[in-house]
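Please look at the sequence and the three-dimensional structure together before reading the report.

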Amino acid sequence: MFYPEAVSLSVLINVFFLYSFLGWLMECIVIRREKGHWENRGFAHSPFCIIYGFGSMLGYAALNPLADNLVLLFFVGALTATGFEYLVGRAMQRLFGDFWWDYSEKKFNYKGILCLESTMGWGLLALFVILFLHKTVFWLVLHLSERTSWWLSFALSVIYLVDFIVSAKKARREFRGGLEMGKEERF
């Protein structure tokens, strides 16, 4: 599904984290350009936006069959990523009282959670991942020795899991504190 040959779980985990890192980096660069200052764009403290790991891996599996029709690939990629962004935003709203982005100031936005500009960006990103990036990401990860791949995948998984648990507990405490102070919901 992700690569023409069978690959080990460690390879898939490392590809996932590489996509998560690249997504975090892209988000930080975009926000730096828009706001004029550096901002950690991940949920946790480590440099990963796992939504990009999930989106890239699942998106590649779902969208690769459309690689021969670039127009369809663009639109299906744009719409599925926008739907995914909406679901993640709603889940974050329910769990933590807020989501980690705000498109309220952008034209053609929906309650700050979606906007046309990002939808078009997701379509372009789908083209880029399917046509170019996925092969490069796998090529890089497959050049690790098997031993290095397993240790790296284990270390990244443990580090992110601990970071995620700590960050989720902190976000829940802040959400509960906000509810006690009468924090408004966006929806």
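## Basis of the model

This is a predicted model, in which local features need pLDDT of at least 70 and side-chain atom pairs count only at pLDDT 80 or more, while totals for chains, interfaces and linings use all residues. Residues are numbered from 1 along each chain as its sequence is written, and side-chain values use heavy atoms, with hydrogens and water left out.

## Overall layout

The secondary structure of the protein comes to five helices and two strands, where helices (H or I, at least four residues) and strands (E, at least two) are DSSP runs numbered from the N terminus. Read from the N terminus on, these elements follow the order α-α-α-β-β-α-α. Of the 187 residues in the protein, 38% are buried; here buried means under 20% relative accessible area, exposed means over 50%, and partly exposed lies in between (1.4 Å probe, protein chains only).

Helix H1 has 27 residues and reaches 38 Å from its first C-alpha to its last, which is close to the 39 Å expected at 1.5 Å a residue; the expected span is 1.5 Å times one less than the number of residues. Just after H1, Gly36 takes a positive phi of about 85 degrees.

## Aromatic rings

A pair of aromatic rings is described by the distance of the centres and the angle of the planes. Rings of Phe, Tyr and Trp (its six-membered ring) pair if their centres lie within 6.5 Å, and planes under 30 degrees apart count as stacked, over 60 as edge-to-face and the rest as tilted. A search of the whole structure finds twelve aromatic pairs. In one of them, the rings of Phe17 and Phe48 have centres 5.2 Å apart and planes at 70 degrees, so this pair is edge-to-face. It links distant parts of the chain, since Phe17 lies in helix H1 (residues 9-35) and Phe48 in the loop between H1 and helix H2 (50-63), 31 residues apart. Both Phe17 and Phe48 are buried.

The rings of Phe128 and Phe132 have their centres 6.2 Å apart and their planes at 45 degrees, so they form a tilted pair. Both residues lie in helix H4 (residues 116-142), four residues apart, or about one turn of the helix. Phe128 is partly exposed, with a relative accessible area of 42%, and Phe132 is exposed, at 53%. Elsewhere, ring pairs link Phe16, Phe17, Phe48, Phe54, Tyr160 and Phe164 into a cluster.

## Cysteines

How many disulfides does a search of the whole structure find? The search finds zero disulfides, a disulfide being a pair of cysteine sulfur atoms within 2.5 Å. Cys49 is in no disulfide, and the nearest cysteine sulfur, that of Cys28, is 6.7 Å away.

Cys28 is found in helix H1 and counts as buried because its relative accessibility is 0%. Cys49 is also buried, at 6% relative accessibility, and Cys115 is buried with a relative accessible area of 2%. The C-alpha atoms of Cys28 and Pro47, which are 19 residues apart along the chain, are separated by 9.7 Å.

## A nonpolar surface patch

Trp151, Phe154, Val158, Val162 and Val166 make a nonpolar surface patch of about 520 Å². One of these residues, Val162, lies in helix H5 (residues 146-180) and counts as exposed because its relative accessibility is 51%.

Methods. Patches are made of residues with over 30% relative accessible area and no salt bridge: like charges are joined within 9 Å, nonpolar side chains (Val, Leu, Ile, Met, Phe, Trp, Tyr) within 5 Å. Accessible areas come from the Shrake-Rupley method with a 1.4 Å probe; for residues, only the protein chains shown count as cover. A salt bridge is a side-chain nitrogen of Lys or Arg within 4 Å of a carboxyl oxygen of Asp or Glu.
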